[in-house]
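Walk through this structure in steps.

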There are 4 protein chains.
Amino acid sequence: MLIVMNHNASPDQIEAVKAQIVEIGFQPCPMPSDTRMAIGIVGNDGAVDPGPFQDLPGVASCIAVTSAYKQVSREWRAEDTVITLPNGTRIGGGELVVMAGPCSVESREQLLETAEHVARAGATVLRGGAFKPRSSPYAFQGLGEEGLKMMAEAREKYGLAIITEAIDHESLELVEQYADIIQLGARNMQNFALLRRAGRSPKPVMLKRGPSATIKEWLLAAEYILAEGNQQVILCERGIRSYDEATRNTLDVTAIPLVKRLSHLPVVADPSHGTGRRPLIAPMSRAAVAAGADGLIIEVHRNPDKAKSDGGQTLFPEQFTELMTGVRLVAEALGTPVQTNPFALQQA
Amino acid sequence: MLIVMNHNASPDQIEAVKAQIVEIGFQPCPMPSDTRMAIGIVGNDGAVDPGPFQDLPGVASCIAVTSAYKQVSREWRAEDTVITLPNGTRIGGGELVVMAGPCSVESREQLLETAEHVARAGATVLRGGAFKPRSSPYAFQGLGEEGLKMMAEAREKYGLAIITEAIDHESLELVEQYADIIQLGARNMQNFALLRRAGRSPKPVMLKRGPSATIKEWLLAAEYILAEGNQQVILCERGIRSYDEATRNTLDVTAIPLVKRLSHLPVVADPSHGTGRRPLIAPMSRAAVAAGADGLIIEVHRNPDKAKSDGGQTLFPEQFTELMTGVRLVAEALGTPVQTNPFALQQA
Amino acid sequence: MLIVMNHNASPDQIEAVKAQIVEIGFQPCPMPSDTRMAIGIVGNDGAVDPGPFQDLPGVASCIAVTSAYKQVSREWRAEDTVITLPNGTRIGGGELVVMAGPCSVESREQLLETAEHVARAGATVLRGGAFKPRSSPYAFQGLGEEGLKMMAEAREKYGLAIITEAIDHESLELVEQYADIIQLGARNMQNFALLRRAGRSPKPVMLKRGPSATIKEWLLAAEYILAEGNQQVILCERGIRSYDEATRNTLDVTAIPLVKRLSHLPVVADPSHGTGRRPLIAPMSRAAVAAGADGLIIEVHRNPDKAKSDGGQTLFPEQFTELMTGVRLVAEALGTPVQTNPFALQQA
Amino acid sequence: MLIVMNHNASPDQIEAVKAQIVEIGFQPCPMPSDTRMAIGIVGNDGAVDPGPFQDLPGVASCIAVTSAYKQVSREWRAEDTVITLPNGTRIGGGELVVMAGPCSVESREQLLETAEHVARAGATVLRGGAFKPRSSPYAFQGLGEEGLKMMAEAREKYGLAIITEAIDHESLELVEQYADIIQLGARNMQNFALLRRAGRSPKPVMLKRGPSATIKEWLLAAEYILAEGNQQVILCERGIRSYDEATRNTLDVTAIPLVKRLSHLPVVADPSHGTGRRPLIAPMSRAAVAAGADGLIIEVHRNPDKAKSDGGQTLFPEQFTELMTGVRLVAEALGTPVQTNPFALQQA
């Protein structure tokens, strides 16, 4: 931390700040300038609380210096983390991965039909919610373990890996048995008990950014998972909250190249939640890929207008096929291979 | 929901929208104007998904009409909810309640000393965290059940009620044994599994507003608790996230009179988290009371500069006494009695 | 500025940063810690651009230290600025000033009737817009100089001072002839040409905070006026933009005590624009006074439902009288005298 | 507007709302549902003020329906607006236009050198500020007309068109004499006097989005220009303000495809201001193109580390050449031709 003094701070006020630094166990490092004095704190291992300083006489401001996350940072580990799934899909290794499927698993037929379609179109991971966190207690809450079994069946049939959300300890126990990737949702980004539990799972975890989380808070939340021993973490940008209600969220595309610089973890974009509007999903998928995303996660339903949740941001199957065409053009123009589904190849 | 058509929408496009409304089981209610057609949906019990409509040809926009929360609303119940605690404190009944204490319980001495001070100064509820949700996995995480026992001892000694945070199912089991009010924190506002569990507790629950939660989302989160049967819910405004880092959060004082109009539940303000800056806590406490808050929750520590968390927003004991003086002046000027602690009266 | 290096930055990288500091004409001030090196820049008079540093190899971040505003700060001038108007009203001198009147001047009768009412109720400054900045080009744009003449007539009749908005150079020429205070609106907060022109006016200026301005940007905008020689500046908090549309804006009440600490200029609150909702104006007026505001500015109209602008946030005359009662109770409880209008006293 | 009643609103309350609608000159259109009554307003030409309704007894909420902008909308004009500049550059016609140059014109050599470089790399429009709006009154404010003359010289030499900012009436008079496009900056987006003046200019105008403007406010600001008769308007997305300071602004890439749907005007992206960080400019340029932008505007300087403004977000010449390569790959993959500079072709 750096403590900046007022330009007219007295020598006594400066001494009092130094004494307070010594008092809490660190060393003061004075840094005079023409207009004012600043005093650094050295000897600390982590962040220092500005509390004892910010309202001392003569203090103008306190500035944090040490970054709080460690294991998730590029400083800690320079090379990209690559996560390999049972069906051969590799996330973070320079290829583009597409995850797709319905918002919620609603029935065996609905899921299988959608899964077959997205596999043929080139997705290698199937998404689908069996446990749904909903703003209203009166909304559809998901099929639970039945839904997970349907996901597993779709996996077998279509050569996919599966990703699905866990919303608490109980659902996480089940999800880690069935899924290839455990999804932690935006509203649970700072549910630290759940992050810790996911950190003790053998399965990869995809951590969505909270709707008003800073980049730093998001990386610190991932740090909770790594700190428990699970290194297989995927970050997912899904839109942040802004003042404009023209879209459901504001997809923070810039977070993609920024986080790729700060961290070695793979970053996936979710333009379905990020925009909330069907016609914006394909252009924003192309944008995310052009910005360097390692993957996309897209909501697709055989009949979005009858979906039990998120219908307005869910693509029709043929729209998803079209989206894949555009995404492939961009990815390949930039030299990024798009992962292919062995099932789709076999059918072709 | 109301579907607004473009001014030049064709009769066929209008018919298609009507047909889609019938298709999903409701009735269209056309509402022509000079410049364009709008079509209402009637017959629905809850909110209708705009998905099937918003990108139909000729549709300009879809507007939600039905409010999603029910039991928390003034429409549902006109009279104020009043919550009575074992020590006689009443929250929501037109008197002002002050809750105070350290951010974290750190030791028996620290807690008892602070508790005695806040009781003498007029607080009737003791706050103190035994389970701490922290942004960083490397920060102090609380004393757990030991801390709860210290809280219980302080309650006996100083005639206080106690409030403390639960962060997951395990800690909630413990907290509901010891505490008079279970606190659910801002980051858990949409941890729906935890909300449901709290809804099955016999103890009152104080639900903090999430840092980027809308008023509607906050009330819907409370609805989760009421929907499970627990009617004793207190809402706590603790500051929202804005673009300006001059303060830790932006205390949304306006939310106090607004929520009092929308809901029958009591509303408490937290100017410690709401500002994050010691010198701003007293003026903002007065402001919250002047705006109609049913209570305040304030961080106080016998020595804030040595606090293990939130020191910079924690008051010294004498600052808290001073704050109480200002708050009393405002409350009494507006005809709001300030609750008094029997212990303090007895000592006086 | 402080340049923080990565924990594993090489000595060469550190030397390169130092060399760059020398290159731009300043001195490097190294500040080692156990985990990393930080390098301060000294010798600079104002803010240093982080550009040449932030993407140098080994640099983790660049942190601004010097505050950019000078004359508006408490460091520069410790005692409160007090502004005296021709009718004896003093703003910033420890008393509470109330400004009230219609959003727009619509007719002589409307203005005089409203002016008489607010004067009797205790306002000492009459507000009213003759030049209206409107989001839509098709909305009512004000009466112009005719409106100013009506304001001047109301001033004579009811012992008021008058405040009205200037929106460009032309309107400012007129406004400064007629008004006692020139108002600069939120959308013009960074219209630097207009700020400069107002800085050369002999009349006091009230500068509204921009809807997404930081405290720092607001103070820098005021600095433009002081830098041209006009020291009579009043700051007006009128609500900031947040993600929640439950209110028109979010009145940042905390800005009041915060700005009073950072600056010597008086601060006025505008709960009409700050909330946009009639029933919230009185409680938020009380809150602003309890937080330490030097004044209030309130929209009142003899018949708000027929107002040409802002009707939904405008009080009926009797609601304003009631508001004054509540505000007086809070102000007097806190020892703040409320300014009185000689006309009202004379009538009483 | 639609007025939604409480579910238990009485028939009298409903009648009172209807009567109020008639009172202000429109017709009520009742729209009953199972749970509550809603009442539409018909017969109005523009937006209706919710003021007279929102706090009537029994009213739950008032919902705006009519969109306020007209001439800028796709409803008004279905085909894309295409703007042709003297050097043959066409904006909005399905090709990609790149504008580039220094933040500020600092000297003849600096400008010509940079202009030559960006022309060779493929830019067809030269940007450069001669009048600079700066947050601080003590920062460099631009060379004024001298700068414009240097821009004109660069235009002749390198076959470019030129774009430069006007900040008030005086500078606009000059800018429209010299420039091919008049730029109106983000802080002036709601400087309505300036918008009107630009609406009477024969030159095309590029209107930057305000840092906290909604899409609707931005389009309404453009409407001011069209309403005065100038149809040649280009919209420029330059980043919005969010709660995260990790980047200078949050480039709202989604605004690009969204505004292309709502309006017929061309949309350009500014990733320099949109990110504020040099290494993020190239990936975000590619993202904007992939999302459908009609153009880019990029800050380039022969030596950014010595730039008088915005150095940290300004590219070195060779970085700009690299950016063009990536942008061309994406544009061409999507079938969008990139405009070419005749000078560059001639040199090749």
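A contact here means heavy atoms within 4.5 Å. By that rule, residues 24 or more positions apart account for 68% of the contacts in chain A with a separation of 6 or more. This is a predicted model: local features need pLDDT of at least 70, side-chain atom pairs count only at pLDDT 80 or more, and totals for chains, interfaces and linings use all residues. Residues are numbered from 1 along each chain as its sequence is written, chains are lettered from A and ligands numbered from 1 in the order written, and side-chain values use heavy atoms, with hydrogens and water left out.

Take chain A. Its secondary structure comes to 12 helices and 14 strands. These are DSSP runs, helices being H or I of at least four residues and strands E of at least two, numbered from the N terminus. The C-alpha trace of chain A spans about 80 × 45 × 40 Å along its principal axes. Of the 348 residues in chain A, 65% are buried. Buried means under 20% relative accessible area, exposed over 50%, and partly exposed in between (1.4 Å probe, protein chains only).

Now the interface. The size of an interface is often given as the accessible area lost when the parts come together. Chain A and chain B bury about 3600 Å² between them, 46% of it on carbon and sulfur atoms. That area is the accessible area (1.4 Å probe) that two parts lose on being put together, summed over both. Chain A brings 44 residues to the contact and chain B brings 43.

How many salt bridges are there between chain A and chain B? The count is 6, each a side-chain nitrogen of Lys or Arg within 4 Å of a carboxyl oxygen of Asp or Glu. A:Asp55 and B:Arg277 meet in a salt bridge, 3.8 Å from N to O. On chain A, helices H1 (11-23), H2 (51-54), H6 (192-199), H7 (215-227) and H10 (278-290) each supply at least two residues of the side that touches chain B. H7(A) gives the most, with 5 residues.

Finally, go to strand S12 of chain B, residues 233-237. All 5 of its 5 residues are buried, so S12(B) is largely enclosed by the rest of the structure. In a regular strand the side chains alternate between the two faces of the sheet. Both faces of S12(B) are covered: B:Val233, B:Leu235 and B:Glu237 lie on one side, B:Ile234 and B:Cys236 on the other.
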